[in-house]
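The following note sets out numbered points on the interface, the salt bridges and the helix packing. Please read it alongside the sequence and the model.

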Amino acid sequence: MNGVVGERAAELVARLARGGREAEVYEKRGRSRRIERGPDGEVASTSIEAGWAVRCGDLRRSFFASGSDELPMDGSWPAPTAHPLWLPERRTATPWTVPPGLDAPLASEAEARSLLDALERELGREAPGARLVAARFEEGSSAAAIASSRGVAARVDSRVATLRLEAERGGVRVTAEAPVREAREVRPAALAGRIADRLHALEGSEPPRPGPTLLAAPLAARLVEALAPWLVGREAGSAAGAVGGIGARLGAEAVELVDDGALAGGLLSAPVDGEGVPCGPVRLIEAGRFARPLLAWWEAERAEEAHGCCRRASYRDLPRRAPTHLYLEPDPESPVADLLTGSGSGSYLLDAEGGVRVDPTSGRFTVAVSGFAMAGGRAVGGLGRRRLVGDLRGWLVGLRARGRDLGFVAGDGMFGSPTLLVEGLELPG
Amino acid sequence: MASPIATGFPGLDTAAVARALALTGAEAAGEIEVTFERRQELELPPEGASVGARSRREEGISARLVEGERSWLASRDGLSGRDLGEVLRQVVRVGPPAAPEPRIEIGASPIEPPRSAVEAFPGRLERALRRRFAAFPLRLTVRWQRRDLQVVGARMVPPAEREELFSLDVELPWGRCGALATELGENEAEALAARLVARFRAREAPPPAAGESAVVLAPAAAAVALHEAVAHALEADLLARGGRPDASLGVELGPASLDVLDDPSGAPDGVDRATDDEGMPVQRRWLLRGGKVDQPIADRSSARRWPALLPGSGFRSGRHGRIRPRTVHLELLPGKESTEALLGLAEGGWWVPEIGSGALDADSGRFVLEAPFAQRISGGAAAECCGRMRLSGRVAELLAGVVGIGAEAAAGGAGWCAKGGERRAVWARVPAIAVAGLEVEPG
């Protein structure tokens with residue numbers, strides 16, 4: 001795929017599309033490096049993946065085929081079955097700036113090992129007595145090309161690195177993740193500091209103080225992630241949808257929730273999605289009300305207005321509709337320090353200490369959290385391991401203020417939020 | 001199954017590969033091996049889905065060098081001599097070697113997917129449902145998949161292995177239902193139909209009351225529970241998170257009647273294994289013998305580090321994945337109790353026919369099992385249904401709470417295990433068990 005986007009792909013599309021069929025060819029090349037440390041030793045790995053996928057057919061019959069290595073120009077394709085195929089029309093992508101660092105080489109094994117060493121040292125400084133139980137640094141880059149009989153011809157480059165750490169002190173464990181573009185963006189001291197704060201908070205036994213709850217960005221982003229499935233697909237927008245349909249109040253006036261596949265600086269940012277549909281911002285919650293669900297081009301009323309939101313996990317996988325960068329907009333005028341001092345009495349919650357569990361019937365959620373009791377705008381002691389309980393449909397209604405920080409966590413896409421000051425959440429134990 | 005013993009690598013000269021390994025000189029410092037892999041999948045999506053029959057074929061090579069507590073892996077999608085040369089250079093970490101590029105020539109895989117069995121299954125299921133006078137909306141996905149594997153070491157060349165299975169995934173308005181099988185015919189359609197109808201009938205049942213309760217886990221449910229509470233709990237890498245894995249040897253975890261084994265060679269035909277993904281012969285491994293830990297699940301790395309452990313259980317999802325100690329086929333030796341007797345031991349508790357998913361927190365030893373429904377045990381029989389149920393507790397409590405073991409074991413797929421984010425099908429042959437004192441709450 002050097003130079004010209006998918007010359008062979010375009011040729012194969014032309015061959016497959018004879019006789020009035022639709023055809024799409026996707027090619028992907030990627031390389032990744034990973035280094036893992038744990039109680040059972042250290043593993044350093046590199047992998048190079050290369051593969052392709054073909055969708056072909058018409059509105060009555062179609063097939064999908066994928067394979068590794070070179071695109072087979074004379075492949076023996078599976079017999080189609082009675083399932084329809086529809087492909088998006090070509091549309092011009094909006095101008096998109098290539099993120100810096102996309103072409104930088106992957107970290108070498110020695111560099112990756114140095115990074116884990118530095119984290120171990122910094123953790124020792126920030127949290128005396130703590131140890132890294134396990135650490136994993138993973139970095140990958142890829143280039144993909146799409147061509148179709150509908151005129152789509154696009155190329156997408158991507159690059160993501162993830163650091164995952166498990167630290168322990170006195171039987172208390174925390175897991176931290178840092179998604180970044182490349183290794184040099186990791187700040188070992190800052191990451192170790194955040195782990196130390198969470199260990200300290202979990203070791204405490206201070207009871208929660210009455211008052212509002214300050215949710216740090218990583219925790220608030222996990223709640224955005226939990227909300228995501230309720231906002232995706234045509235069924236989410238109907239009155240019978242889980243969040244009450246279009247127009248339902250989901251938050252305070254200031255709440256604006258956006259998904260943007262082309263978000264500037266976003267780790268998954270790309271000009272087009274996995275089907276070649278141009279990406280861009282979609283405002284799902286406006287002024288606190290559910291404005292529209294996230295829809296793929298094939299389920300939108302006007303396909304030409306839909307933004308790309310179909311990602312491919314690999315060449316083996318079909319495009320799947322999902323958020324790319326789903327985030328609550330921050331308040332650029334509001335430093336986090338002001339939220340802290342202004343919160344008075346209450347709780348300052350740092351992070352989720354496990355997954356968010358949601359009752360799909362009631363919308364109630366519960367998540368284990370770490371944090372501090374607050375009095376007079378200052379932290380007065382760790383809360384220990386607590387459960388945060390709330391209502392997914394209503395937790396943003398109690399939003400009182402947003403910070404100007406915006407942090408993202410990785411899941412099935414990237415989920416983001418600033419620090420939030422919220423009323424109405426419970427910390428039962 | 002189609003071609004159950006055909007090799008997926010016609011023409012592969014394993015001696016030439018072993019010579020290429022020897023030329024790296026790496027075995028002087030550690031152990032080096034190469035894995036050739038081919039995968040095929042045929043998927044029939046639900047009616048109305050966009051894009052029809054889905055065929056996936058891929059192949060590739062990985063190499064691994066283990067030196068002490070460190071290991072290096074390299075993998076790529078391709079089966080050429082050049083691919084082999086590159087992964088070897090990557091794991092031995094030197095520049096281009098003086099040795100010539102290995103020459104290997106592998107023919108195309110002769111394995112063809114059993115398309116007719118896959119395409120016939122939706123109709124079989126529909127007829128089986130009709131025989132039960134049931135009709136409800138469902139979306140069925142049928143998959144066949146095959147993985148061929150050839151491990152080559154510098155000093156050993158184990159036989160080629162293959163795993164060939166079918167998986168069924170049903171989306172219902174009230175949840176998902178999955179199944180694994182090595183055959184796909186009338187029996188599988190009848191078994192799946194029975195499960196779907198049971199879920200249909202329980203769809204509006206009230207949730208169970210929260211509290212401590214006795215339960216009887218049917219064989220399918222017991223398989224998942226033991227997978228979480230015994231197999232994962234006794235995997236060497238997870239044991240190492242809390243200290244030395246060999247310190248667990250001899251620890252009493254359950255009653256003397258509890259004998260649990262992991263035996264990949266005893267898995268159903270088509271997914272049974274003679275060697276693991278490291279090329280080591282698999283073991284008929286007693287995990288618990290008379291309720292005591294006998295032999296944790298270990299791969300070669302953990303056995304080298306803790307010599308009391310036996311290798312033979314190193315598995316991974318594919319060539320790009322990491323080999324870890326993993327369970328493949330769990331067995332609980334049958335006891336003496338009839339199903340009626342087990343129900344009698346749990347009067348007032350719950351009969352749990354199946355468990356949809358489970359998880360173990362290896363650090364705390366707490367497990368969580370999610371059941372799509374259950375039935376109240378009343379008068380020594382399974383009576384009215386309740387809705388989704390969550391069972392939880394600690395491993396030690398579950399095993400110590402086993403008060404009865406059924407006399408008849410059932411074999412089958414236990415589900416997909418996603419340890420370390422790498423999915424593998426797991427299998428089991430277990431009877432029903434009665435357990436006292438589990439925490440029950442609405443799911």
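1. How much area is buried between chain A and chain B, and what percentage of it do carbon and sulfur atoms give? The buried area is about 3,500 Å², with 43% from carbon and sulfur atoms; buried area here is the accessible area (1.4 Å probe) that two parts lose on being put together, summed over both. A:Asp40, A:Ile48 and A:His83 supply 17% of the area that chain A buries against chain B, more than any other three residues. In terms of contact (heavy atoms within 4.5 Å), 41 residues of chain A touch 42 residues of chain B.

2. On the basis of these values: this is a predicted model, in which local features need pLDDT of at least 70 and side-chain atom pairs count only at pLDDT 80 or more, while totals for chains, interfaces and linings use all residues. Residues are numbered from 1 along each chain as its sequence is written, chains are lettered from A and ligands numbered from 1 in the order in which they are written, and side-chain values use heavy atoms, with hydrogens and water left out.

3. Seven salt bridges are counted between chain A and chain B, a salt bridge being a side-chain nitrogen of Lys or Arg within 4 Å of a carboxyl oxygen of Asp or Glu. A:Glu42 forms a salt bridge with B:Arg70, with the closest N and O atoms 3.5 Å apart.

4. Over all chains, the count comes to 95 salt bridges. A:Asp117 pairs with A:Arg37 in a salt bridge whose closest N and O atoms are 2.9 Å apart. Because A:Asp117 lies in helix α2 of chain A and A:Arg37 in strand β1 (residues 22–38) of chain A, the pair ties together parts that are 80 residues apart in sequence. Helices (H or I, at least four residues) and strands (E, at least two) are DSSP runs, numbered from the N terminus.

5. In chain A, helix α2 (residues 109–126) and helix α3 (residues 188–203) pack at an angle of about 45 degrees, with their axes 8 Å apart. Axes are lines fitted to C-alpha atoms, for helices over the stretch in contact, and angles run from 0 to 180 degrees between N-to-C directions. α2(A) is therefore oblique to α3(A); angles under 35 degrees count as roughly parallel, over 145 as roughly antiparallel, 65 to 115 as roughly perpendicular and the rest as oblique. The residues in contact include A:Leu115 and A:Leu119 in α2(A), and A:Leu191 and A:Ile195 in α3(A).

6. In chain B, helix α3 (residues 115–131) and helix α4 (residues 186–201) pack at about 55 degrees, their axes being 8 Å apart. That angle makes α3(B) oblique to α4(B). Among the residues that meet are B:Phe121 and B:Arg124 in α3(B), and B:Glu190 and B:Leu196 in α4(B).

7. Also in chain B, the axes of helix α1 (residues 14–24) and helix α2 (residues 81–92) come within 11 Å and cross at roughly 30 degrees. α1(B) and α2(B) are therefore roughly parallel to each other. The contact is formed by B:Val17, B:Ala20, B:Leu21 and B:Thr24 of α1(B) with B:Leu84, B:Leu88 and B:Val92 of α2(B).
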